[in-house]
Amino acid sequence: MDSTCYHEGSITASGNSVFVGEVANNFLPLGTRIRLDRAVFGLRDFVILDHIGWGSELDIYGPSEGACDAYGREQMGFSVVY
């Protein structure tokens with residue numbers, strides 16, 4: 001799927017604070033845990049805690065604006081952990 005990175009905002013749609021390890025997605029329920037097919041920011045397991053406004057199917061919260069700029073847009077596979 002098409003993935004991007006974001007570093008703005010402070011509270012997710014779930015009501016939690018943003019952190020590296022959470023992602024935004026519009027077709028899986030909030031709280032779903034997923035495993036990416038490769039590591040991003042040192043992690044492979046993420047939890048969906050936010051929704052995407054537009055632009056991609058998976059939006060990964062990054063540690064900094066520079067890290068997100070370097071990430072850009074990538075094709076990423078995943079599996080649902082639970």
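Student: Let's start with phenylalanine 27: what does its relative accessibility make it count as?

Tutor: Keep in mind that this is a predicted model. Phenylalanine 27 has 49% relative accessibility, so it counts as partly exposed.

Student: And phenylalanine 78, what does that one count as?

Tutor: Buried would need a value under 20%. Phenylalanine 78 comes out at 28% relative accessibility, so this residue also lands at partly exposed.

Student: How many aromatic pairs are there, and which geometry does the pair of tyrosine 6 and tyrosine 61 have?

Tutor: The count comes to three aromatic pairs. In the one made by tyrosine 6 and tyrosine 61, the centres are 5.3 Å apart and the planes make 80 degrees. Angles over 60 degrees get their own label, so for 80 degrees the name is edge-to-face.

Student: How many residues apart are tyrosine 6 and tyrosine 61, and are they buried or exposed?

Tutor: Tyrosine 6 sits in strand 1 (residues 2-6) and tyrosine 61 in strand 5 (residues 58-61), which makes this a link between distant parts of the chain, 55 residues apart. As for the solvent, both tyrosines are buried.

Student: What about the rings of phenylalanine 27 and phenylalanine 78, which kind of pair do they form?

Tutor: Their centres are 6.5 Å apart, with the planes at 40 degrees. Stacked needs under 30 degrees and edge-to-face over 60, so the pair is tilted.

Student: Where in the chain do phenylalanine 27 and phenylalanine 78 lie, and how many residues apart?

Tutor: Phenylalanine 27 is in the loop between strand 2 (22-24) and strand 3 (33-40), while phenylalanine 78 belongs to strand 7 (residues 78-80). This pair links distant parts of the chain too, and the separation is 51 residues.

Student: Moving on to threonine 12: where does it lie, and is it buried or exposed?

Tutor: Threonine 12 is found in the loop between strand 1 and strand 2. Its relative accessible area is 5%, and the cut-off for burial is under 20%, so threonine 12 is buried.

Student: Which backbone oxygen does the side chain of threonine 12 reach?

Tutor: One partner of this side chain is another side chain, that of serine 14, in a polar contact at 2.7 Å. For the backbone, the distance is 3.0 Å, and the oxygen belongs to leucine 49.

Student: Which element gives the most to the largest nonpolar core?

Tutor: That core has 14 residues, and those with the most contacts inside it include Val23, Ile34, Leu36 and Leu58. Strand 3, strand 4 (43-50), strand 5 and helix 1 (65-71) each give two or more residues. With three residues, the top contributor is strand 3.

Conventions:
Residues are numbered from 1 along each chain as its sequence is written. This is a predicted model: local features need pLDDT of at least 70, side-chain atom pairs count only at pLDDT 80 or more; totals for chains, interfaces and linings use all residues. Side-chain values use heavy atoms; hydrogens and water are left out. Rings of Phe, Tyr and Trp (its six-membered ring) pair if their centres lie within 6.5 Å; planes under 30 degrees apart count as stacked, over 60 as edge-to-face and the rest as tilted. Helices (H or I, at least four residues) and strands (E, at least two) are DSSP runs, numbered from the N terminus. Buried means under 20% relative accessible area, exposed over 50%, partly exposed in between (1.4 Å probe, protein chains only). A polar contact is a pair of N or O atoms within 3.5 Å; within protein, one must be able to donate a hydrogen and the other to accept it, and residues adjacent in sequence count only if both atoms are side-chain atoms. A nonpolar core is a set of buried Ala, Val, Leu, Ile, Met, Phe, Trp, Tyr and Cys residues joined through side-chain atoms within 4.5 Å.
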